[in-house]
Amino acid sequence: MLPKKNKKYFLDTLPTHLYTRKMSFPLRIPSSLPLFSARINKIKMPQTSFSSKTQNPTTRNKNPGNENVNAGSKTELQVFVRKKKVEKNVEVTAKEDITEEHVQQKLCRPLDIEDFAYGKSCGYSWSTLPPDNWERVLEGIRKMRSSEDAPVDSMGCEKAGTSLPPKERRFAVLASSLLSSQTKDHVTHGAIQRLLQQDLLTPDAVDKAEEATIKSLIYPVGFYTRKAGNLKKIAKICLLKYGGDIPSTLEELLLLPGIGPKMAHLVMNVAWDNVQGICVDTHVHRICNRLGWVSRPGTKQKTSSPEETRESLQLWLPKEEWVPINPLLVGFGQTVCSPLRPRCGICIISEFCPSAFKEG
């Protein structure tokens, strides 16, 4: 409580903005300050958004353009002025333009799980259309491959253990797939033959053999040291979990050490006669991109890995072609469409190939 003699001094020195600002709580004014209460009641508080500027109460009507007249003689008040709303003209885009823009955005966005809902059209439908003349191209490659003079025709993983019983042959196909990574077919075939001659092509025999022995037999396959260790690990897993057989699902095959998607799909196709996808190696990856058969999702760029190629190729290639496409294109890549200096001059499908005579 202020002394009576100090009431007027207190009100004259109190900054006006302290009691003119809008408050979110009720303001209780002591009854002992009648002058203060009267001044508060005379102020009408605004109800909407405002901007503020300072005016002298004695001159704001007489000199609206001069706000600094006698500024020092009276207490300055803050006067709130209502802002004018600016009308914005919004142009409405035609419905056709919105629809086209929406489709273009959908083509460029990542795949969403809703795109695969049953009965729902996907924004990527254009990428599922087969490329032009693909059947003529495939028929031309078959003609060039009719002589079956490529290494894959006699020494590919599909040929491993053909004389063995089904259970042993499945393990031979799995072992051959493991050794084939970063290795030419004739080198892989030689390693499999040496293991077979030493009776080391069953899970039990591999598990009991020394790793150094396996390493010496599979040399010179690529990364033979690592592959020898992985082969022993696979043999142990097959004995403990599958009764000496190999896994029968794609997911379980991919859990084996050293087994990637290309190998797993090949084993499912050959060993179990269960087509889960296309087996795509470096030859299939390279040739499909040269022919313009595959592209990255949402773009027309080349795929960057065999796995991307597999996913793109499976969108349009009929399923009855999924198994034969691998040895067909692998042999084509080994004899005609080689990685370096492809033989476009003798290729009978060069007129349909966008990469013909462009890669040296």
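What is the relative accessible area of Tyr224, and does that make Tyr224 buried, partly exposed or exposed?

Guide: Tyr224 has a relative accessible area of 28%, so Tyr224 is partly exposed. With a 1.4 Å probe and protein chains only, buried means under 20%, exposed means over 50%, and partly exposed is in between. Bear in mind that this is a predicted model, where local features need pLDDT of at least 70, side-chain atom pairs count only at pLDDT 80 or more, and totals for chains, interfaces and linings use all residues. Residues are numbered from 1 along each chain as its sequence is written, and side-chain values use heavy atoms, leaving out hydrogens and water.

Now the rings. There are three aromatic pairs in the structure; rings of Phe, Tyr and Trp (its six-membered ring) pair if their centres lie within 6.5 Å, with planes under 30 degrees apart called stacked, over 60 edge-to-face and the rest tilted. One of them joins Tyr224 to Tyr219, edge-to-face, at 4.9 Å centre to centre and 85 degrees between the planes. Tyr219 is partly exposed too, because its relative accessibility is 47%.

Another edge-to-face pair is Trp293 with Trp316, 5.5 Å centre to centre and 85 degrees between the planes. This one links distant parts of the chain, 23 residues apart: Trp293 is in the loop between helix 14 and helix 15 (306-313), Trp316 in the loop between helix 15 and helix 16 (325-335). Helices here are DSSP runs (H or I, at least four residues), numbered from the N terminus. Trp293 counts as buried at 5%, and Trp316 is buried at 8%.

Notes:
Helices (H or I, at least four residues) and strands (E, at least two) are DSSP runs, numbered from the N terminus.
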